[in-house]
Amino acid sequence: MALISRKSFQFYSSSTPASRSILMTLSKSLSFISGQRKPQNCSSVAMRMLCFKDKSQYMYCRKNHVQLRVQSLSVNETVHLCGDAGSSTKSNNMWMDEQLFFKKLNSLCTSKEIFDFLSSLEAMSDTMASGALQRISEVEVDDSGLKNPEGVLENEVFRALCFQFEFESSKLSNTGLLNALQALIKLRIDPQSTLMASLLSEGKERLGKGQLTVKNLCALGESLLELEGPSCATLEEIVNHMQEKDIEKWSPREMVMVYKMLQVTVRKGERYQDLLNRLNSVTLNIVSQLSPKFTSIILNSLVVLHQTQAVPLITALCKHSVKHIPYFTGDELVNVLEAFLYFGHREEIFTEALETHVPKSIFTMHPQTVSKVMQYCCQKMILSKPIFDAAAESFISDADRFTTDQIAGYIIPFGTLNYLPTSASSLFRKLETILHARFSHFQPRTLLKLLHSCVLIQRYPVNFLPKIFSPYFLQQLQAQPPGLDRIVTSQLTQLFLTVTLECPFYEGPKLLPKYQVKAFLMPPSSLDVHLLKRVKTGLLYLLKKRMYFASEVSTPYFYTVDLEIKLDEEGFVLPAAQCEEVHRRVALCVDGQNRFCVNSHNLLGEEAIKQRHLQLLGYEVVQIPFFEIESLQNSRKMAEYLHKKIFPHTYGLGC
C-alpha cells in the first residue's frame, strides 16, 4: 500500500520552470479535449469547462464529461509518494488510523469539508485517498452530473491526488488503484485522459499477472463496463479468472457484478453455462439477503441470459421482490416486471403489493414505469381497478409529456381487459386531444392497435378512421415490418365492422375488401375444449340428437361461434345443416377462464366485442360462463341449466 504524505499537497511556485513543467503535465493528464489550448487571461471560472461528448463516440461513458484546466497555483513542492505503508513510521503520528479516517470521512457532507479534512492530515494511505475520492463523488454527483465542478476540479488537494494517482499508479495497492478508478469515472473524468489511461493500463497489467482478488476483478469489470461497454474484450478475460474462484466465498455484490459481466459478454451463456449453473445455485441460498437493486439486476441478467431452467432461483427472486416494491427505483421495477413477463411468473401477493404502491405513488413515477405496470397487468390479464383508475388519472393530468409508445402503453390495456375507469369521459377526451395534436407522430402499427383497443370498450374514433382507411396510411402499415400480417388485417377488419355496425352515421372511406380477413383469429387457448365437451354432452341430453346443433361454426361475419342452434318461426329446433326456414340463430358462447380477466367475471375485450357484434348481426347470444357450470355434476343437471338459458320461456313447462 502506498502512503501519501503532507508534501503531496504542496506545489512548486508557478513562477519556477519546474512548476511550469508540472502544471503542463497535470493539464495534459486531466484535460478532456486534446489539442485545445488554455485561454489567455481568463478568470478561474472561465478556466473550468463542462464538455458534452458525442454520444456515438462515448456511448458507454458518462454523458457529461469534465474538462480540467490548470491555472497558476501559489504552492511550493510537487506531489510524491512516500513508499510502502509497511515502511512508514506509525509511531511518529504521521497518519490517522484507517477506521477513524473513514468514520470521519463518512460524516462529511460537502467536498469543501472533505478537502479541509484531507489538508489537515500529515499522511494517508492510497486506500484512504481513493476512499476520499469516492466520498467526493458520492456527495457531489447527482443524476445531472457534478453539482459543484469549480469547487471540486479546481481544488488543489483534488489536483494533487489526481497527479499522484497517475504518475505513481504502479505503487498503488489493488484497492487504492481500482477504487480511485471507480471514483474518477463517477466524477466523469474524461476516459481518454492520460490519468484514466494510466489507471486502466495498470489494472489490466495486474489482471494479466493474476494479481487481482475476486473483489478487485469485480471492481475492474464494473469500471470497464462503464468506460468501454459490452464490446470490451477484457471483460471476457475477467470472467475466465472468475471461473477459477470459489463462488461460495463471494459477497452478494460480487455475484451481482459477475451476472452483469456475463450478461454483456456471453448473452445466451453457452460458453459459461457451468459457471452460471454454479452461480445460480449459490445465489439461491442468499436471495433473502439481496437488496432491491441486486434483486432487480439478477432478474434482468437471468432474462438476458435466457436462464429459463433456473426455476427455483427465479421463483425465489420473484417472491422476494414483493417486499421491495416500495423501494425499487423506476428502472429496477421495470426490470422486475419484465422478468415476471419473460418467465411467465405470476404472484398474487406481488399484484397486491403493486395495488398498494402504484396508486399512491403514480404522480411521482416515471411514465415508462407506469406503462410497464400496465403492460404487466395486460399480458397477465390482471384487471386491477386501483391501478387502472390511478393510471387514468395520471394520463389525464400528464399525458402531454408522454411519448407515443407510453400513451399507447397506458390506453391499450383498458380495451384489452374491457374496463372503463371511473374517469372514462375525461380520459378519452384527453386521448382525442392528443391524437388531434400528434396523430402523425405515432408509428402506424402502434396507432392502429391504440384505436382498435378503444372500440373494444365502445369508444369510437370516428374522427380518425378516414385517415386509417386511407391508401396512404395502409401503405405506411405495409412498409412497417412485418407489414400487413394477419394481426394488422384483423384489427383493420374489426375496426371497419365496428363502425359499420355501431356507427351507422359514419360516412367516411371504407376498408377495401383486399385488406379484410375472412375470419378473425381465435387463439387456441381461447376455447376451453374440456368445458365445450361438457356443454355438448348437456345439449345432446337436452336435444336428444347431435344433428340439432353445430360446433365451431364460421359465420359470414368474420367470427366463429362456439355452438349454434337454428330455430324456425314457431321456435322449433332445426337440423344444423338446414339453411331454409331459419328464423332465429342462437349463438352459444362457451366462455372458459381464458376469456375472462384473472380471478374475475369480467370478459376480455376481444370476447366482449364478439358477443356484441353477434347480437347486432342478428344472433341471440347465450353466454355459458365457466363459473355457472363448473359445479354441475352430471349431464341431467347440465341439460336443465341449458334448457333454462336457451329456452327460458318453456323451462318448467314439461316441454
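**Close-up 1. Glu-552, a partly exposed residue of strand S8.** At 44% relative accessibility, Glu-552 counts as partly exposed, a class that lies between buried (under 20% relative accessible area) and exposed (over 50%), using a 1.4 Å probe and protein chains only. Glu-552 sits in strand S8; strands (E, at least two residues) and helices (H or I, at least four) are DSSP runs, numbered from the N terminus. Its phi is near 50°, a positive value in a residue other than glycine. Please keep in mind that this is a predicted model: local features need pLDDT of at least 70 and side-chain atom pairs count only at pLDDT 80 or more, while totals for chains, interfaces and linings use all residues. Residues are numbered from 1 along each chain as its sequence is written, and side-chain values use heavy atoms, with hydrogens and water left out.

**Close-up 2. Lys-544, in the loop between helix H26 (529–543) and strand S8 (550–554).** Here is another residue with a positive phi: Lys-544 is not a glycine, yet its phi is about 75°. With a relative accessible area of 64%, Lys-544 is exposed.

**Close-up 3. The cis peptide bond between Pro-481 and Pro-482.** Omega for this bond is about 5°. Pro-482 belongs to the loop between helix H24 (471–479) and helix H25 (486–502).

**Close-up 4. Helix H24 and its buried face.** Phe-473, Leu-474 and Leu-477 are the residues to look for, as they are buried in H24. Down the helix axis they fall within an arc of 100°, so they line one face of H24; the arc is that of the directions from the helix axis to the C-beta atoms. The buried residues pack against H22, helix H23 (465–468) and H25, where contact means heavy atoms within 4.5 Å. Turned away from that side are the exposed residues Pro-471, Tyr-472, Gln-475 and Ala-479.

**Close-up 5. Helix H21 (residues 424–438), seen with its covering helices.** Buried in H21 are Ala-424, Leu-427, Phe-428, Lys-430, Leu-431, Ile-434, Leu-435 and Arg-438. These lie within an arc of 155° when seen down the axis of H21, so they line one face of the helix. Their cover includes helix H19 (385–398), helix H20 (404–416) and helix H22 (444–456). Arg-429, Thr-433, His-436 and Ala-437 are exposed on the other side of H21.

**Close-up 6. The packing of helices H5 and H8.** H5 (residues 126–140) meets H8 at an angle of about 20°, with the two axes 8 Å apart. The helices are therefore roughly parallel to each other, a label for angles under 35 degrees. Among the residues making the contact are Ser-130 and Gln-134 of H5 and Asn-179 of H8. Apart from its neighbours within four places in sequence, Asn-179 is in contact with Ser-130 and Gln-134. Asn-179 counts as buried at 18% relative accessibility.

**Close-up 7. Ser-173, in the loop between helix H7 (156–167) and helix H8 (174–186).** Ser-173 is buried, its relative accessible area being 15%. Its C-alpha atom is separated by 7.1 Å from that of Asp-126, 47 residues apart along the chain.

Definitions and conventions
The expected span of a helix is 1.5 Å times one less than its number of residues. Axes are lines fitted to C-alpha atoms, for helices over the stretch in contact, and angles run from 0 to 180 degrees between N-to-C directions. Angles under 35 degrees count as roughly parallel, over 145 as roughly antiparallel, 65 to 115 as roughly perpendicular and the rest as oblique.
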